[in-house]
Amino acid sequence: MLVHKVLSRVSTNVSRTSFLSASKWPQHFSNHLHSLIQQSPNKAPLSSVTSITDILKSLYLDKSIIDGLKRLYRQKLKPLEVTYRFNDMVSPLLTDSDFDAKPMVMLLGQYSTGAHIGPEPTTDKFIVVMSGSDEKTVPGNTVAVQADLPFSGLKTFGTAFLSKFVCAQMPHPLLEHITFVDTPGVLSGEKQRTQRAYNFTGVTSWFAAKCDLILLLFDPHKLDISDEFNNVISSLRGHDDKIRLVLNKADQIDTQQLMRVYGALMWSLGKVLKTPEVMRVYIGAILVPKDFFHTTTPMFYATYTSFNDMPVNDAATGPLGKELFEKEQHDLLSDLKDIPKAACDRRINEFVKRARAAKIHAYIISHLKNEMPFMIGKSEAQKRLIDNLAAEFGKVQREFHLPPADFPNLDDFRERLSGYNIDKFAKFNPRMIQAVDDMLAYDIPNLLKNFKNPHD
């Protein structure tokens, strides 16, 4: 899909200094800053020293804020998650590697929307493409148990998934700052969908929560959204700010057809996403042939993007189409280049979202526990609560004055709840709730206040 094009283009347009991770800032930049200061004013303009100093401050502050979030999580949010089984029912506990992980970009699309393929899907695995000293692939079972990688939560999807999960490592400047998640092509047809031995939608939803950007790829020749793709897109709700749409292979149709395709795509997505906002759509041109990129890593032969340096099909698009594709490619790459700079803000945003979700989960669980009888009729009461879960959600919402949009998906929660004994859940603990409220209202704002943006 987009992996090879991004690696070859973004790294040539952006200096490595601007992408350096916070964990590596001190030695690299302090040495560089020291050398600048030691030079004469003619050789070291004040603007250069100021720029490097700002970068130093920014990276130091980002790391300090992340360390502060780790501390708040361990002290205030994690106890709430464990007590009310949020980590079992919704999302595994966070580790230090989750906070320290590089920004991630996930690519999603229906079968063959990203590349030329054979009669069968050429990518049937989730492939994480990340930095490494040598080109190699690491099996999913091994990746999931490595403490320094943020993928331990994938163990909950079982061996069937982990056998379809692999980490491809290679040395590349961009991969020192961004990790890519290439997904299998989403299939159509009930038979193909049910043949998956793992929860495909659940896996994509897990990655969506971790990712900083989600690219949805579409083919102008097949805009029909399959049932599986519909479910996948629906599972991305709550991550709308991360989603970018890519209309691939657009130079294979003329300008008039492109306008119609664009309108049809927005209409189809409007029914699935159910949002009044119009999402950004990037329009891509001709495909990259399979031998365009030379690499010894077999995983990278699977799919490629049409955002490339190959000539546009002028016969179909004309000069205006060519100019459009070039501008769209520039905008997409600019979006990708900005990801590392906003990584800290994204971590804060996701942390706050998780805290609110865990708090509402605690309200629901403690409410259901309170509705259970003291001695007899417990099994009947549990069945009644699960069957009338929508009404119970309404009670919690009214009692604690919570926004309905923040509640979990009703059907998903009912399915997860059926595997637990409600009577064994914890009772309402106002001190734990208050600790999380204080964290959101005071601790996080104070953390950001103490480590201000150096550019302010």
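Residues are numbered from 1 along each chain as its sequence is written, and side-chain values use heavy atoms, without hydrogens and water. Local features need pLDDT of at least 70 and side-chain atom pairs count only at pLDDT 80 or more, whereas totals for chains, interfaces and linings use all residues.

**View 1. Confidence along the protein chain.** The mean pLDDT (the predictor's confidence in each residue, from 0 to 100) is 75, and 70% of the residues score at least 70. Helix H16 (residues 389-400) has the highest confidence, at 94, and helix H2 (residues 16-19) the lowest, at a mean of 36. Helices (H or I, at least four residues) and strands (E, at least two) are DSSP runs, numbered from the N terminus. Over residues 8-57, pLDDT stays under 50. Residues 113-122 also have pLDDT below 50. Where pLDDT is low, the predicted coordinates should not be read in detail.

**View 2. Strand S2 and its partners.** Strand S2 (residues 126-131) is largely enclosed by the rest of the structure, because 5 of its 6 residues are buried; buried means under 20% relative accessible area, exposed over 50%, and partly exposed in between (1.4 Å probe, protein chains only). S2 runs parallel to strand S4 (residues 165-170), joined by 6 bridges, with Val129 opposite Ala168. Strand S5 (residues 179-182) pairs with S2 in the antiparallel sense over 3 bridges, where Ile127 has Asp182 as its bridge partner. Strands pair if DSSP finds at least two bridges between them.

**View 3. The loop holding Phe374.** Phe374 lies between helix H14 (343-371) and helix H15 (378-387). Phe374 counts as exposed because its relative accessibility is 74%.

Technical notes. Contact = heavy atoms within 4.5 Å.
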